Amino acid sequence: MRLLPVVNSFWRVPIILLMTIVLSIISLFFSLIDSSGKLQHECARTWGRFILWISRVRVLTTGMERLDRQRGYIFMPNHLSMFDHWALLTHLPVPFGFAAKASLFAIPFLGWHLTRSGNVPVDRRKPRRTLQRFREAGERIGKGWSLVIYPEGERTFGDGFARFKRGAFLLARNARAPIVPITIIGAHRRLPRGSAVIRPGSMELVFHPVLEFADYEHVDSRQMSDTVQHVIEESYRQVEE
């Protein structure tokens, strides 16, 4: 491992943690005076922009013109790095939340922000409750709000893909929402899973054509899962360190 990225992380990571705490507290305060979630979402966007800036990570986007900013979507990206979150927060042009593991909602500061800013907890131990939450999310999506679901379920190690889980597509069907596959390229070069060493550089977001609910309403969820994974993998490529 080269020494310079490690040295850089010694000062970047504490600042990022401090900024996370500060913005989470501000977001909690905003949640008391703004029930729409707009101010909380702006806090999250500021968090993402700050981390990209201090990490010196540049994000290139392709295909964003396919999005209607007045509509709500379920975005489905591959997931290799925490930089996936920060890039999406900074560059998605619509208000949105994340579908996240229920355990994250128990983390001080981060969990409080997730709860108060409209993100959706996914608890495999309580599937009925999770499906109900997605029905409620579907109503918000119909009004222009969007949701990000990582169909792999969690970050993967290395530079490959885990098989997409059919559960993500069952949840999408329950929300009756259009799906937008997104290929994220290069994020794991900036910060791989299991590491705290941030490496400046670039990454990419590739937005694929929208899959309307009518396109997949009657398609088997496993077939749909494999189809979306194929779409994402087709445009994926490795990048230099």
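Analyst: Start with Asp-84. Asp-84 touches Asn-78, His-79, Tyr-150, Ile-184, Ala-187 and Met-203, leaving out residues up to four places away in sequence. Contact here means heavy atoms within 4.5 Å. The model is predicted: local features need pLDDT of at least 70, side-chain atom pairs count only at pLDDT 80 or more, and totals for chains, interfaces and linings use all residues. Residues are numbered from 1 along each chain as its sequence is written, and side-chain values use heavy atoms, with hydrogens and water left out.

User: Why is Asp-84 called buried?

Analyst: Buried means under 20% relative accessible area, exposed over 50%, and partly exposed in between (1.4 Å probe, protein chains only). Asp-84 has 1% relative accessibility, so Asp-84 counts as buried. Its place is in helix H3. Helices (H or I, at least four residues) and strands (E, at least two) are DSSP runs, numbered from the N terminus.

User: What makes Tyr-73 and Phe-75 a tilted pair?

Analyst: Rings of Phe, Tyr and Trp (its six-membered ring) pair if their centres lie within 6.5 Å; planes under 30 degrees apart count as stacked, over 60 as edge-to-face and the rest as tilted. The ring centres of Tyr-73 and Phe-75 are 5.7 Å apart and the planes stand at 50 degrees, so this pair is tilted. Tyr-73 has a relative accessible area of 1%, so Tyr-73 is buried. Phe-75 is at 0% relative accessibility, so Phe-75 is buried.

User: How many aromatic pairs does a search of the whole structure find?

Analyst: The search finds 10. One of them is Phe-50 with Trp-53, tilted, at 6.0 Å centre to centre and 45 degrees between the planes. Ring pairs also link Trp-47, Phe-83 and Trp-86 into a cluster.

User: What is the largest nonpolar core?

Analyst: A nonpolar core is a set of buried Ala, Val, Leu, Ile, Met, Phe, Trp, Tyr and Cys residues joined through side-chain atoms within 4.5 Å. The largest one has 34 residues, and those with the most contacts inside it are Phe-75, Phe-83, Leu-88 and Phe-207. Elements giving two or more residues to this core include helix H1 (3-33), helix H2 (38-55) and strand E7 (201-207). H2 gives the most, with six residues. A second, separate core of 23 residues includes Ala-137, Ile-141, Trp-145 and Leu-171.

User: How do you know that Arg-140 lies over the face of Trp-145?

Analyst: A charge sits over a ring if NZ of Lys or CZ of Arg is within 6 Å of the ring centre and within 35 degrees of the ring normal. Arg-140 lies over the face of Trp-145, at 4.0 Å from the ring centre.

User: Why do E1 and strand E4 (120-122) stand at the edges of the sheet?

Analyst: Two strands pair if DSSP finds at least two bridges between them. Seven strands form an open sheet in the order E1-E7-E6-E2-E5-E3-E4, with mixed pairing. E1 and E4 each have a single partner strand, so one side of each is left without a neighbour in the sheet.

User: How many bridges join E6 to E7?

Analyst: Four bridges join them, and the two strands run antiparallel. Ile-182 stands opposite Phe-207 in E7.
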